[in-house]
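Let's take a walk through a protein model together. Have a look at the picture first, and then we'll go through it piece by piece.

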Amino acid sequence: MTDTLQKFMFEHAGVRGEMVELTHTWQQTLARKTYPAAVQTILGELMAASALLSANLKFDGTMIMQIHGDGPVKLLVVECDAELKMRATAKLSEHANIAEDASLSDLIHSHGKGRFVITLDPNNKLPGQQAYQGIVPLDGDSIATVIENYMQRSEQLDTKLWLAADDQVARGMLLQKLPKTGGAEAQVEDETEAWNHAVMLGDTLKRPELLSTGIDILLHRLFWEETIRVFDPLHPQFQCNCTREKVGDMLRMLGEEEIQSAIADLGTLDINCDFCGKHYGFDKVDCAQLFVASTLTEGTLTAPEIKH
(Lines give C-alpha, C1' and ligand atoms only; values in the text may rest on other atoms or scores of the structure.)
Protein backbone atom coordinates (compact mmCIF):
# COMPACT_ATOMS: atom_id res chain seq x y z
CA MET A 1 0.00 0.00 0.00
CA THR A 2 1.71 3.20 -1.20
CA ASP A 3 0.50 6.68 -0.37
CA THR A 4 0.71 9.26 -3.13
CA LEU A 5 1.14 12.99 -3.58
CA GLN A 6 0.64 14.16 -7.16
CA LYS A 7 1.81 17.59 -8.32
CA PHE A 8 0.35 19.21 -11.44
CA MET A 9 0.33 22.57 -13.17
CA PHE A 10 -2.05 24.35 -15.52
CA GLU A 11 -0.09 24.86 -18.74
CA HIS A 12 -1.65 28.17 -19.74
CA ALA A 13 -2.37 29.71 -16.35
CA GLY A 14 -0.30 30.70 -13.35
CA VAL A 15 -1.81 27.99 -11.15
CA ARG A 16 -0.21 24.93 -9.62
CA GLY A 17 -1.92 22.10 -7.84
CA GLU A 18 -1.44 18.98 -5.77
CA MET A 19 -3.52 16.02 -4.66
CA VAL A 20 -2.61 13.73 -1.80
CA GLU A 21 -3.94 10.38 -0.62
CA LEU A 22 -2.82 9.09 2.79
CA THR A 23 -3.98 5.57 3.54
CA HIS A 24 -1.10 3.63 5.10
CA THR A 25 0.35 6.76 6.72
CA TRP A 26 -3.04 7.61 8.20
CA GLN A 27 -3.68 4.05 9.38
CA GLN A 28 -0.26 3.99 11.06
CA THR A 29 -1.23 7.17 12.89
CA LEU A 30 -4.61 5.84 14.02
CA ALA A 31 -3.10 2.52 15.12
CA ARG A 32 -1.27 4.32 17.93
CA LYS A 33 -4.27 6.11 19.46
CA THR A 34 -8.05 5.97 19.36
CA TYR A 35 -9.73 9.30 18.68
CA PRO A 36 -13.40 10.33 18.56
CA ALA A 37 -14.73 10.60 15.00
CA ALA A 38 -14.76 14.42 14.99
CA VAL A 39 -11.11 14.52 16.14
CA GLN A 40 -10.13 11.94 13.51
CA THR A 41 -11.57 14.22 10.86
CA ILE A 42 -9.67 17.37 11.80
CA LEU A 43 -6.39 15.56 12.53
CA GLY A 44 -6.58 13.70 9.20
CA GLU A 45 -7.36 16.92 7.36
CA LEU A 46 -4.42 18.66 9.04
CA MET A 47 -2.17 15.76 8.06
CA ALA A 48 -3.26 15.95 4.41
CA ALA A 49 -2.76 19.73 4.41
CA SER A 50 0.71 19.36 5.92
CA ALA A 51 1.80 17.02 3.12
CA LEU A 52 0.40 19.38 0.48
CA LEU A 53 2.21 22.44 1.85
CA SER A 54 5.46 20.62 2.62
CA ALA A 55 5.73 19.36 -0.95
CA ASN A 56 5.96 22.97 -2.18
CA LEU A 57 8.78 23.96 0.17
CA LYS A 58 12.37 24.10 -1.02
CA PHE A 59 13.54 23.44 2.52
CA ASP A 60 15.78 20.83 4.14
CA GLY A 61 14.06 20.37 7.44
CA THR A 62 10.72 19.71 9.07
CA MET A 63 7.48 21.65 8.90
CA ILE A 64 5.46 21.44 12.09
CA MET A 65 1.80 22.44 12.08
CA GLN A 66 0.17 22.96 15.47
CA ILE A 67 -3.29 24.03 16.53
CA HIS A 68 -3.53 24.99 20.19
CA GLY A 69 -7.12 24.72 21.36
CA ASP A 70 -9.18 26.09 24.21
CA GLY A 71 -11.90 23.44 24.03
CA PRO A 72 -11.95 19.65 24.49
CA VAL A 73 -9.07 19.34 22.01
CA LYS A 74 -6.01 20.99 23.51
CA LEU A 75 -3.47 20.33 20.78
CA LEU A 76 -3.16 19.00 17.24
CA VAL A 77 0.36 18.41 15.87
CA VAL A 78 1.52 17.21 12.47
CA GLU A 79 5.18 17.01 11.47
CA CYS A 80 6.33 16.50 7.87
CA ASP A 81 9.91 16.59 6.63
CA ALA A 82 11.39 17.29 3.19
CA GLU A 83 10.99 13.61 2.21
CA LEU A 84 7.31 13.64 3.25
CA LYS A 85 7.94 11.44 6.28
CA MET A 86 5.12 12.26 8.65
CA ARG A 87 3.75 11.80 12.14
CA ALA A 88 0.74 13.28 13.94
CA THR A 89 -1.00 13.33 17.30
CA ALA A 90 -3.82 15.02 19.20
CA LYS A 91 -4.18 15.76 22.91
CA LEU A 92 -7.64 15.92 24.45
CA SER A 93 -8.86 17.34 27.71
CA GLU A 94 -9.32 14.80 30.47
CA HIS A 95 -12.84 13.32 30.39
CA ALA A 96 -13.59 15.18 27.13
CA ASN A 97 -17.05 14.33 25.80
CA ILE A 98 -17.00 14.93 22.05
CA ALA A 99 -20.04 14.63 19.80
CA GLU A 100 -19.60 12.99 16.39
CA ASP A 101 -20.80 16.16 14.66
CA ALA A 102 -18.71 18.58 16.75
CA SER A 103 -17.46 21.53 14.69
CA LEU A 104 -13.92 22.87 14.59
CA SER A 105 -15.03 25.77 16.77
CA ASP A 106 -16.61 23.39 19.30
CA LEU A 107 -13.43 21.34 19.49
CA ILE A 108 -10.61 23.87 19.61
CA HIS A 109 -11.96 27.41 19.56
CA SER A 110 -14.86 27.39 22.01
CA HIS A 111 -13.60 30.47 23.88
CA GLY A 112 -12.04 32.28 20.94
CA LYS A 113 -8.46 31.64 22.07
CA GLY A 114 -7.35 28.99 19.58
CA ARG A 115 -4.01 29.53 17.81
CA PHE A 116 -2.50 28.20 14.61
CA VAL A 117 1.28 27.77 14.46
CA ILE A 118 3.58 26.79 11.59
CA THR A 119 7.24 26.11 12.41
CA LEU A 120 10.01 25.49 9.86
CA ASP A 121 12.85 23.72 11.63
CA PRO A 122 16.05 23.34 9.52
CA ASN A 123 17.99 20.10 9.77
CA ASN A 124 21.39 21.75 9.85
CA LYS A 125 21.09 25.03 11.73
CA LEU A 126 23.85 27.58 11.46
CA PRO A 127 25.29 28.91 14.73
CA GLY A 128 22.65 31.07 16.36
CA GLN A 129 20.00 30.14 13.78
CA GLN A 130 16.50 29.64 15.12
CA ALA A 131 13.55 27.85 13.59
CA TYR A 132 11.09 30.14 11.78
CA GLN A 133 7.72 30.27 13.47
CA GLY A 134 4.48 31.95 12.46
CA ILE A 135 1.70 32.24 15.07
CA VAL A 136 -1.76 33.57 14.25
CA PRO A 137 -5.19 33.45 15.90
CA LEU A 138 -7.42 30.66 14.67
CA ASP A 139 -9.35 32.23 11.79
CA GLY A 140 -11.86 29.98 10.03
CA ASP A 141 -14.51 27.35 10.57
CA SER A 142 -12.54 24.50 8.96
CA ILE A 143 -8.93 23.31 8.75
CA ALA A 144 -8.87 24.32 5.08
CA THR A 145 -10.07 27.87 5.78
CA VAL A 146 -7.65 28.35 8.68
CA ILE A 147 -4.69 27.44 6.45
CA GLU A 148 -5.96 29.46 3.49
CA ASN A 149 -6.20 32.55 5.68
CA TYR A 150 -2.74 31.92 7.11
CA MET A 151 -1.21 31.59 3.64
CA GLN A 152 -2.87 34.78 2.42
CA ARG A 153 -1.87 36.88 5.42
CA SER A 154 1.56 35.47 6.18
CA GLU A 155 2.81 34.41 2.74
CA GLN A 156 0.63 36.58 0.46
CA LEU A 157 -0.22 33.50 -1.59
CA ASP A 158 -3.74 32.82 -2.86
CA THR A 159 -4.32 29.23 -1.78
CA LYS A 160 -7.39 26.98 -1.83
CA LEU A 161 -7.66 23.63 -0.05
CA TRP A 162 -10.20 20.82 -0.18
CA LEU A 163 -9.67 18.33 2.65
CA ALA A 164 -11.46 15.24 3.94
CA ALA A 165 -10.69 12.38 6.33
CA ASP A 166 -12.46 9.43 7.93
CA ASP A 167 -11.24 6.29 9.71
CA GLN A 168 -9.83 4.85 6.46
CA VAL A 169 -8.15 7.63 4.49
CA ALA A 170 -7.10 11.28 4.55
CA ARG A 171 -7.16 13.10 1.21
CA GLY A 172 -6.75 16.63 0.00
CA MET A 173 -6.29 18.94 -2.97
CA LEU A 174 -4.41 22.23 -3.10
CA LEU A 175 -4.55 24.94 -5.73
CA GLN A 176 -2.21 27.89 -5.50
CA LYS A 177 -1.87 31.01 -7.60
CA LEU A 178 1.74 31.41 -8.69
CA PRO A 179 3.52 34.67 -7.90
CA LYS A 180 3.93 37.07 -10.82
CA THR A 181 7.10 36.42 -12.76
CA GLY A 182 6.81 38.97 -15.56
CA GLY A 183 7.48 38.00 -19.16
CA ALA A 184 5.12 37.59 -22.10
CA GLU A 185 1.82 38.07 -20.31
CA ALA A 186 -0.02 38.21 -23.63
CA GLN A 187 0.56 34.47 -23.97
CA VAL A 188 -1.03 33.71 -20.62
CA GLU A 189 -4.67 33.94 -19.61
CA ASP A 190 -5.60 36.81 -17.38
CA GLU A 191 -4.26 35.82 -13.96
CA THR A 192 -7.37 36.63 -11.97
CA GLU A 193 -9.69 34.97 -14.45
CA ALA A 194 -7.51 31.86 -14.68
CA TRP A 195 -7.31 31.58 -10.89
CA ASN A 196 -11.05 32.04 -10.42
CA HIS A 197 -11.75 29.44 -13.10
CA ALA A 198 -9.45 26.89 -11.44
CA VAL A 199 -11.08 27.49 -8.05
CA MET A 200 -14.55 27.18 -9.57
CA LEU A 201 -13.60 23.75 -10.94
CA GLY A 202 -12.15 22.78 -7.58
CA ASP A 203 -15.34 23.81 -5.81
CA THR A 204 -17.27 21.13 -7.69
CA LEU A 205 -15.36 18.58 -5.59
CA LYS A 206 -17.44 17.45 -2.62
CA ARG A 207 -16.37 15.55 0.50
CA PRO A 208 -17.89 12.14 -0.40
CA GLU A 209 -16.22 12.19 -3.81
CA LEU A 210 -12.88 13.24 -2.33
CA LEU A 211 -13.01 10.40 0.21
CA SER A 212 -13.99 7.70 -2.26
CA THR A 213 -12.13 8.55 -5.48
CA GLY A 214 -8.50 8.00 -6.46
CA ILE A 215 -6.20 10.79 -7.60
CA ASP A 216 -6.04 9.89 -11.30
CA ILE A 217 -9.82 9.74 -11.62
CA LEU A 218 -10.29 13.00 -9.74
CA LEU A 219 -7.77 14.80 -11.92
CA HIS A 220 -9.64 13.72 -15.03
CA ARG A 221 -13.10 14.50 -13.65
CA LEU A 222 -12.17 17.99 -12.47
CA PHE A 223 -9.80 19.21 -15.17
CA TRP A 224 -10.53 17.16 -18.29
CA GLU A 225 -11.08 20.32 -20.35
CA GLU A 226 -7.80 21.90 -19.16
CA THR A 227 -4.25 21.32 -20.32
CA ILE A 228 -2.31 20.28 -17.24
CA ARG A 229 1.21 19.01 -16.78
CA VAL A 230 1.53 16.10 -14.34
CA PHE A 231 4.80 15.44 -12.52
CA ASP A 232 6.28 12.27 -11.06
CA PRO A 233 4.36 11.28 -7.94
CA LEU A 234 5.83 11.52 -4.45
CA HIS A 235 5.13 9.03 -1.67
CA PRO A 236 4.45 10.22 1.89
CA GLN A 237 4.98 7.72 4.71
CA PHE A 238 4.64 7.46 8.46
CA GLN A 239 7.85 7.79 10.43
CA CYS A 240 8.45 8.72 14.05
CA ASN A 241 11.92 10.10 14.83
CA CYS A 242 11.72 9.81 18.61
CA THR A 243 14.86 8.53 20.37
CA ARG A 244 15.98 7.95 23.94
CA GLU A 245 18.45 10.81 23.52
CA LYS A 246 15.69 13.25 22.52
CA VAL A 247 13.54 12.20 25.48
CA GLY A 248 16.55 12.70 27.72
CA ASP A 249 17.07 16.18 26.29
CA MET A 250 13.43 16.99 27.06
CA LEU A 251 13.85 15.83 30.66
CA ARG A 252 17.08 17.80 31.00
CA MET A 253 15.25 20.96 29.96
CA LEU A 254 12.89 20.52 32.92
CA GLY A 255 15.83 20.99 35.28
CA GLU A 256 17.62 18.74 37.74
CA GLU A 257 15.58 19.80 40.77
CA GLU A 258 12.25 18.95 39.15
CA ILE A 259 13.49 15.64 37.77
CA GLN A 260 14.95 14.55 41.12
CA SER A 261 11.68 15.47 42.83
CA ALA A 262 9.72 13.38 40.32
CA ILE A 263 12.06 10.41 40.78
CA ALA A 264 11.68 10.66 44.57
CA ASP A 265 7.90 10.48 44.20
CA LEU A 266 7.64 7.90 41.39
CA GLY A 267 10.81 5.85 41.52
CA THR A 268 10.93 5.64 37.71
CA LEU A 269 9.91 8.06 34.98
CA ASP A 270 7.88 6.21 32.36
CA ILE A 271 7.43 8.20 29.16
CA ASN A 272 5.53 7.14 26.06
CA CYS A 273 6.01 8.93 22.74
CA ASP A 274 2.82 10.83 21.86
CA PHE A 275 3.30 10.02 18.19
CA CYS A 276 4.23 6.32 18.08
CA GLY A 277 3.63 5.09 21.61
CA LYS A 278 7.20 3.82 22.13
CA HIS A 279 8.06 3.53 25.83
CA TYR A 280 11.13 5.05 27.48
CA GLY A 281 11.95 4.36 31.13
CA PHE A 282 14.35 6.42 33.25
CA ASP A 283 15.36 5.22 36.72
CA LYS A 284 17.29 7.12 39.39
CA VAL A 285 20.66 6.36 37.80
CA ASP A 286 19.47 7.31 34.30
CA CYS A 287 18.17 10.65 35.55
CA ALA A 288 21.39 11.40 37.43
CA GLN A 289 23.34 10.78 34.23
CA LEU A 290 21.23 13.38 32.37
CA PHE A 291 23.02 16.13 34.23
CA VAL A 292 26.59 14.78 34.10
CA ALA A 293 26.80 13.80 30.42
CA SER A 294 25.96 15.49 27.16
CA THR A 295 25.21 12.20 25.40
CA LEU A 296 22.64 9.75 26.68
CA THR A 297 22.80 6.12 25.67
CA GLU A 298 20.73 3.17 26.73
CA GLY A 299 21.11 3.89 30.43
CA THR A 300 24.95 3.84 30.52
CA LEU A 301 27.83 6.20 29.85
CA THR A 302 30.84 5.31 27.76
CA ALA A 303 34.17 5.81 29.49
CA PRO A 304 35.11 9.15 27.87
CA GLU A 305 31.78 10.60 28.98
CA ILE A 306 32.25 9.92 32.71
CA LYS A 307 33.04 13.03 34.70
CA HIS A 308 34.97 12.77 37.99
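Which residue in β9 is the bridge partner of Ala164? It's Arg171. Before we go on, two notes on the ground rules: this is a predicted model, where local features need pLDDT of at least 70, side-chain atom pairs count only at pLDDT 80 or more, and totals for chains, interfaces and linings use all residues. Residues are numbered from 1 along each chain as its sequence is written, and side-chain values use heavy atoms, with hydrogens and water left out.

Back to those two strands. Helices (H or I, at least four residues) and strands (E, at least two) are DSSP runs, numbered from the N terminus. β8 and β9 form a hairpin with four residues between them. Their pairing is antiparallel and runs over seven bridges; two strands count as paired if DSSP finds at least two bridges between them.

Buried means under 20% relative accessible area, exposed means over 50%, and partly exposed is in between (1.4 Å probe, protein chains only).

Next, the domains. The chain is split into domain 1 (4–179 + 187–238) and domain 2 (244–299), with bounds that come from an automatic or database domain assignment. Their centres, taken over C-alpha atoms, are 34 Å apart. Nine residues of domain 1 are in contact with five of domain 2, where contact means heavy atoms within 4.5 Å. Together the two domains bury about 580 Å², 61% of it on carbon and sulfur atoms. Arg32, Arg87 and Thr89 supply 55% of the area that domain 1 buries against domain 2, more than any other three residues. Buried area is the accessible area (1.4 Å probe) that two parts lose on being put together, summed over both.

Let's stop at Asp274, in the loop between β12 (269–272) and β13 (279–282). Asp274 is partly exposed, at 32% relative accessible area. Beyond its neighbours within four places in sequence, Asp274 is in contact with Lys33, Thr89 and Lys91. Arg32 is 242 residues away from Asp274 in sequence, yet their C-alpha atoms are 8.6 Å apart.

Most residues other than glycine have a negative phi. Leu84, though not a glycine, has a positive phi of about 60°, and so does His95 have a positive value, near 65°. Leu84 is buried, with a relative accessible area of 3%, whereas His95 is exposed at 72%.
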